[in-house]
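Subject: Structure for your review

Dear colleague,

Please find below the structure that I am handing over to you. My notes on what was found in it follow directly after it.

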Amino acid sequence: MCIQGKISYSSPSNIAIIKYWGKEPGDQIPMNPSLSMTLDKCRSFTTVEYKVKKGQDFSVEVFFEGKRSMEIEAKLQRWFTKISYFFSWLNYTQLRIESHNNFPHSAGIASSASGMSTLAMCLSAIDGHVRDDSTKNRQLQSNISRLGSGSASRSVMGPWVIWGKSEVYPEGSDEYAVVLPELHPDFNNLNDTIIVVNKTPKAISSRDGHTLMQGHPWRRGRIEQANKNFAELINALQTGDWKLFQKITENEALSLHALMLASEGGMMLWTGDTVEWMHYLRSERQRGGIPMAFTLDAGANIHLLYPDSAKEEVLRILQDSHVPHIEFIHDHTGNGPEKLHDEYEHC
Ligand code: PMV
């Protein structure tokens, strides 16, 4: 058997409201359920050229933003070994991967989520061409994305996505993400403006951050808190309760960073501008009663979430601010990956 071709996908990043921070023993098993909003505009674009031929050895070359990256190749080798459990044809495949993002580095946008999910989508499509009995579906795509980066499991679908098992949402799984159904229309389209205050790459990776949760003194409390917030957030998203949404969103963001600060070594990712922005946004909200809520990933930059009805006022508040920032990136709710190109032939 011999099949060769070229496939391209784009896949978005996502912003977690209930944060995944810390793992259970096993292969990328989350400590608590997480819930995120899939973004639309902030995307990775990946093209995979491949030749699957029985008898040849596996090889891979990775080009990131135009340059070959041995670092990414080394990281992906481990992932390929894991996912060859699902795609055994990988053992005799040659791959050339090219990837880039349409958003800047270190802007507080999870590039591992968009990057790993777009590659997972490409491989899943190749699987569909190679195997007649392919089980190409969102669950498998989410599962193999997760094995590369936990948050990537949530990027292969939208608009609001759950990853991790819990008592309140038995349809959830630790192995793959699922879409939250019965969303209140107010949450169908939410704006996310990313306030970029710092572009210095973070000193500690999220992989190391997850590890710090292993012996964390607040671990048990965090699991309880995340599960409680998770249940309440589902309620807020389904009933359209903005006040509750806002309360949980900010509590989760501040708790994530409190956990980091209390970790061994004191992981401190905020800058002074991050703190000033949070004060400014809260005081503007108090003054005008505008529905807006901030959250943060593992970084210094702020995601500001607000409905369309508040757009004009929020943009004015952002423009009027004297708090320093590098740029604003405007995004909104999205639905997941998009296939851009697919050609193949038997050789
Ligand atoms: O998927 P990872 O290993 O890069 O971890 C993501 C961690 C957070 O972005 C802080 C939270 C989340 O759930 O996306």
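The side chains of lysine 75 and glutamate 71 form a salt bridge, with an N to O distance of 3.8 Å. Please note that this is a predicted model. Lysine 75 and glutamate 71 lie four residues apart in helix 1 (residues 70-83), which means that about one helical turn separates them. Lysine 75 has a relative accessibility of 49% and therefore counts as partly exposed, since the exposed class begins over 50%. Glutamate 71, at 58% relative accessibility, counts as exposed.

The count of salt bridges comes to 16. Another of them joins arginine 68 to glutamate 73, whose closest N and O atoms are 2.8 Å apart. Arginine 68 is partly exposed, at a relative accessible area of 40%, whereas glutamate 73 is buried, at 9%. Both residues belong to a network of salt bridges that links Glu61, Arg68 and Glu73.

A further salt bridge is formed by glutamate 327 and lysine 199, with 3.0 Å between the closest N and O atoms. This pair links distant parts of the chain, 128 residues apart: glutamate 327 belongs to strand 13 (residues 327-332), and lysine 199 to the loop between strand 10 (190-196) and helix 4. Glutamate 327 is partly exposed, with a relative accessible area of 25%. Lysine 199 also counts as partly exposed, at 33% relative accessibility.

I turn next to the packing of two helices. Helix 2 (residues 111-130) and helix 3 (residues 138-148) pack at an angle of about 135°, and their axes are 9 Å apart. The two helices are therefore oblique to each other, because an angle counts as roughly antiparallel over 145 degrees and as roughly perpendicular from 65 to 115. The crossing of helix 2 and helix 3 is right-handed. On the side of helix 2, the residues that meet helix 3 are Met116, Ser117, Ala120, Met121 and Ser124. Their counterparts in helix 3 are Arg138, Gln141, Ile144, Ser145 and Gly148. By residue class, this contact between helix 2 and helix 3 comprises four nonpolar, five polar and one charged.

How many of the 11 residues of helix 3 are buried? Eight of them are, so helix 3 is largely enclosed by the rest of the structure. The buried residues are Leu140, Gln141, Ser142, Asn143, Ile144, Ser145, Arg146 and Leu147. Their cover includes helix 1 and helix 2, together with strand 3 (29-30), strand 8 (160-163) and strand 9 (177-179).

Within helix 3, asparagine 143 may be taken individually. Asparagine 143 counts as buried, with a relative accessibility of 9%. Neighbours within four places in sequence aside, asparagine 143 is in contact with Phe86, Glu175 and Tyr176.

Methionine 213 lies between helix 4 (206-212) and helix 5 (219-239), in the loop that joins them. With a relative accessible area of 0%, methionine 213 is buried. Which residues does methionine 213 contact, leaving aside its neighbours within four places in sequence? They are Trp21, Gly22, Met31, Arg219, Arg222 and Leu259.

Glycine 334 is located in the loop between strand 13 and strand 14 (338-346). Glycine 334 is buried as well, with a relative accessible area of 2%. Not counting residues up to four places away in sequence, glycine 334 touches Thr38, Leu39, Asp40, Gly158 and Pro159. The C-alpha atoms of glycine 334 and leucine 261, which are 73 residues apart along the chain, are separated by 32 Å.

Yours sincerely

How values were computed:
Residues numbered from 1 in each chain as written. Predicted model: local features only at pLDDT ≥ 70, side-chain atom pairs only at ≥ 80, totals over all residues. Heavy atoms only, no water. Buried < 20%, exposed > 50% of the residue type's maximum accessible area, 1.4 Å probe, protein only. Contact = heavy atoms within 4.5 Å. Axes fitted to C-alpha atoms, helices over the stretch in contact; angles between N-to-C directions. Parallel < 35°, antiparallel > 145°, perpendicular 65-115°, else oblique. Left-handed = near helix turned anticlockwise from the far one by under 90°. Nonpolar A, V, L, I, M, F, W, Y, C, P; charged D, E, K, R; others polar. Salt bridge = Lys/Arg side-chain N within 4 Å of Asp/Glu carboxyl O.
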